[in-house]
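Student: Can we go through this one together? I'd like to start with the overall picture and then look at some strands.

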Amino acid sequence: MRTYLVTGGAGFIGSNYIHYMFKKYGNEIRIINVDKLTYAGNLENLADIENRENYTFIKADICDTEKINAVFAENDIQRVVHFAAESHVDRSIKHPEVFVKTNVLGTLVMLNAAKAAWELPDGSFKPDHKFLHVSTDEVYGSLEEDGGYFYETTPYAPHSPYSASKASSDMLVKAYMDTYKFPANITNCSNNYGPYQFPEKLIPLMINNALHGRKLPVYGDGKNVRDWLYVEDHCKGIDMVQEKGRLFETYNIGGHNERQNLQIIHTILETLREMLPDSDPRKAGITDELITFVEDRKGHDRRYAIAPDKIRAEVGWYPETTFEVGIRKTIEWYFEHEEWMNHVTSGDYQKYYDDMYSNR
Ligand code: NAD
Ligand code: DAU
């Protein structure tokens, strides 16, 4: 039975990945999930699998060298899938330090622990032991509105403290591959959406605000473009790269689904109106008047767009879920998980929201 060490598995993409992997492999694999449970980590995301015999949760900080080494010492880890990170650009603009700590130093701890556990006396590595570093398209910087795509060969040009910290972590993984022939891959993915996404990110924030009749804060002119990918497609891509990709390679993962932020918000409003029954009292409040333009994000990247040509040609992956289908599934999930949303928006969330939006 192959053992996976997933970091950040209680977050948005990590929890979707764990669900995807158990759906795909059932009892053929074992998953150990290491997560610090920051504000973004939520064990409710994994409630339906927490009692599986082939699943273990360990609460730990990836910067804690001793704890991470112990996880490797006590288990024959064959696959690492490293999601754990601080992931929100707006938070990184206000508080960059924790981004450097977790995203850069935490990745270094993960690399060192895996290297120590997998390296053989002659400097080669145990066969079929692999590390996958989950990264972002934001490391490539910003594209012009009227053209161009991010390829694996595009030079790094990060702008925010978040993307700079992810770029640094990518560079460390590249250095370990180049220097030690450490068996790894990097994936750089575009914007994900889907179940379990924390409502600090555009899509769940807009769904939640609209359902409560609250203003929908659009940064700048609302014409920034992101390339949206349904999260399950990303999870599938990660697994395919790890099993079918060439070691030491980077693969870009993207949806070929570019949309301006305002288009996304209009689609959410229309879909909510379509899906809610007339008898639902919230329906009348879901109008375009909720849209409110606010001060722009500092250093706001204009456009991201991935060319997923390499992953398609080499690995056979392509985005399967159209945005029209994906956004309906996502909204349906939020309808069915009102309690989840109530839990994650209680406590510190209100303070975060006030800090970020009250004087904007
Ligand atoms: P998230 O913020 O929802 O989850 C991050 C998880 O990491 C949380 O469970 C949190 O508790 C955990 N964590 C944070 N610091 C930790 C630490 N020091 N030690 C252990 N655990 C820690 O993030 P996400 O959106 O699921 O993103 C996951 C990964 O995918 C990140 O590396 C991110 O850069 C990358 N990524 C995200 C997107 C996206 O659109 N969300 C796109 C491309 C790449
Ligand atoms: O591209 C991949 C990246 O996508 C990931 O690496 C990041 O972890 C993830 O957070 C995401 O980054 P973005 O900054 O693109 O996502 P966010 O949801 O924060 O914002 C998407 C767009 O919407 C962006 O142009 C800013 C805008 N926005 C966002 C919020 C939260 C608004 O206009 N209003 C808002 O309230």
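Student: What share of the residues is buried?
Tutor: Of the 360 residues in the chain, buried ones make up 57%; buried means under 20% relative accessible area with a 1.4 Å probe, counting protein chains only. This is a predicted model, where local features need pLDDT of at least 70, side-chain atom pairs count only at pLDDT 80 or more, and totals for chains, interfaces and linings use all residues. Residues are numbered from 1 along each chain as its sequence is written.

Student: And how many helices and strands?
Tutor: Twelve helices and 13 strands. They are DSSP runs, numbered from the N terminus: helices are H or I with at least four residues, strands are E with at least two.

Student: Which residues of β4 are buried?
Tutor: Strand β4 covers residues 79–82. Arg79 and Val81 are buried on one side, and Val80 and His82 are buried on the other.

Student: Why two sides?
Tutor: In a regular strand, side chains alternate between the two faces of the sheet.

Student: What does β4 pair with?
Tutor: Strand β1 (residues 2–7) runs parallel to β4, with four bridges joining them. Strands count as paired if DSSP finds at least two bridges between them. Thr7 has His82 in β4 as its bridge partner. β4 also pairs in the parallel sense with strand β5 (residues 130–136), over four bridges. There, Arg79 stands opposite Lys130 in β5.

Student: Different topic. What size of box do the C-alpha atoms fill?
Tutor: Roughly 70 × 45 × 40 Å, taken along the principal axes.

Conventions
Chains lettered and ligands numbered in written order. Heavy atoms only, no water. Buried < 20%, exposed > 50% of the residue type's maximum accessible area, 1.4 Å probe, protein only.
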